[in-house]
Amino acid sequence: MKKILSLVSLLLTFSLSAQDDVAVKSQVAHAINEIREFIAIPNDALDAADIDRNIMWLKRKFGDRGFNTAVLDTEGLPLFFAATPVSGEKPTVLIYMHFDGQSVDPSKWDQPNPYQVVLKAPKDGGFETVSFDELGDDINYDWRLFGRSTSDDKSPIVMLLNAMDLLKKDGKEIPFNIKVILDSEEEKSSKPLPAAVKQYRELLESDFLMIVDGPVHASENPTVVYGCRGITTLTLTTYGPIKPQHSGHYGNYAPNPGFQLAQLLATMKDTEGRVTIPGYYDGISIDEKTDSILKSVPDSDEAIAEKLQFKTAEKVGSYYQEALQYPSLNIRGLGSGWVGDKARTIVPESATAELDLRLVVESDGDRLKNLVKDHITKQGYKVLDHIPSKEERMQFDKIITVAEGSVTDAFRTDLDNPYGKFIVNTLNKSFEEEVIQIRTMGGTVPISPFINELKIPAFIVPVVNPDNNQHSPNENIKIGQLAYGIKAFYGILSSKMNKNIPD
């Protein structure tokens, strides 16, 4: 299965002549109905029964399209696998998506039930609810579907299914073996995935991997992403008195863990946002070619600053895309005592900082965590992996508990990879627009197990709108993106690659 693809011999044949607007809109109307049906099945990865019900739906829908399906047991919740009948003469594409979703707090949503899709139209800078009876034949592509997982990541699954329908209607021969792996714990960091990929290696064997997750570039132009950052976490807890104490009685006397933690965190970065821990950025360099690629992405640093409402960006990179090429050190949460209406005049007993470390290919998550712990030790702290005992509290002046999270590795495929060029050329021909190519995106998708085990190139092909509110209340998918995704899948899966592949 491991094939060396010569770029010189890669020929792209392409036809979308049958995809007129009427055909696409008709398929979009069908996709909307399937999305409503799919979203109505809750998919919280914390509930195994939810996952089982989703898998039953997937088995039926993929089976209807001629896929062979299987439920793959793992150390956690099962994976769903589907594949078209395999021909040894065709290259094989493995498509990764996920069907689990973030938990919901219905009180934060502008609709009664986040699992019941609501149709909304733009109005006065916001949205108003519209009856589905108003869709009609001429579907308005600016209208949106609101509901949990409409964008992340159920709609892309439905887009693939409906692209398969359209390919069948048009009598297209698909020049690929298609394998689909759907994750049920992506929103829980996909912890069972590495072992599962190793266990099912032969079943998953493919020539290249497409990850269909996340939004297209903010410009809404066709987008291909060649890599993503990994992630790991650290939880830091400092200690004061064994119980909260009256700040009048013990302020100025009992050590304050909030100040200790703040002072410690301040030693980790300079005032312009660069990590000061020695070795943190080791191994990373941006050459002239890479710099040119990064600058080809049509970002506006000024527009980003205005959108996020800050004056000056941190100086890890000199512009947005460059900043994403480096590992980050982020404080994602701080806690000590009480705040707001519950504030009390006390010296807290502890203070906690939650850190996430975004990783790049050149950085190793365990190495970076060790650098942070070594730095903490050099600041005079006794580093523990447990809550300190009385004896330890009496022995050391400064104590900190460090809890480590698991590591999800980064990945990055070479921008000259022939399969990547095939995808870019196909999208370019499909939409007659320049495709935005992103070297590394800021977020994390748990793809490294496939790359490490299967030894195949991987590409992220996002299809949803950039303002989709994924993970948040009022998550949505723009109906025009349904058409985009169906057309993207149609183009890629109907474009023939003639390859000269040596044995």
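Which side chain does D366 meet in a salt bridge? The partner is K369, with an N to O distance of 3.6 Å; a salt bridge here is a side-chain nitrogen of Lys or Arg within 4 Å of a carboxyl oxygen of Asp or Glu. The model is predicted, so local features need pLDDT of at least 70 and side-chain atom pairs count only at pLDDT 80 or more, while totals for chains, interfaces and linings use all residues. Residues are numbered from 1 along each chain as its sequence is written, and side-chain values use heavy atoms, with hydrogens and water left out.

**View 1. The D366 and K369 pair within helix α11.** Both residues belong to helix α11 (residues 365-378) and stand 3 residues apart, about one turn of the helix. Helices (H or I, at least four residues) and strands (E, at least two) are DSSP runs, numbered from the N terminus. D366 is partly exposed at a relative accessible area of 43%, whereas K369 is buried at 3%. Buried means under 20% relative accessible area, exposed over 50%, and partly exposed in between (1.4 Å probe, protein chains only).

**View 2. The salt bridge between E34 and R65.** The closest N and O atoms of this pair are 3.0 Å apart. E34 sits in helix α1 (residues 21-39) and R65 in the loop between α2 (48-64) and β2 (68-72), so the pair ties together parts 31 residues apart in sequence. Both E34 and R65 are buried.

**View 3. The salt bridge between E185 and K188.** The N to O distance between these side chains is 3.3 Å. E185 is buried, with 7% relative accessible area, and K188 is partly exposed at 32%.

**View 4. K154, a buried lysine without a salt bridge.** K154 is placed in helix α3 (residues 154-169). The nearest side chain of opposite charge is that of D50, 8.4 Å away; Lys and Arg count as positive and Asp and Glu as negative, with His and the chain ends not counted. Not counting residues up to four places away in sequence, K154 touches F38, I39, I41, N43, N54, H98, F99 and S149. Contact means heavy atoms within 4.5 Å.

**View 5. The surroundings of N221.** N221 is found in the loop between β9 (208-211) and β10 (223-225) and is partly exposed, at 25% relative accessibility. Beyond residues up to four places away in sequence, N221 touches V216, E433, E434 and I436. The C-alpha atoms of N221 and V435 are separated by 6.6 Å, although the two residues are 214 residues apart along the chain.

**View 6. The whole chain, as context for the close-ups.** The protein chain has 15 helices and 23 strands, and 51% of its 503 residues count as buried. Its C-alpha atoms fill a box of roughly 80 × 55 × 45 Å along the principal axes. Among contacts with a separation of 6 or more, 81% come from residues 24 or more positions apart. A search of the whole structure finds 26 salt bridges.
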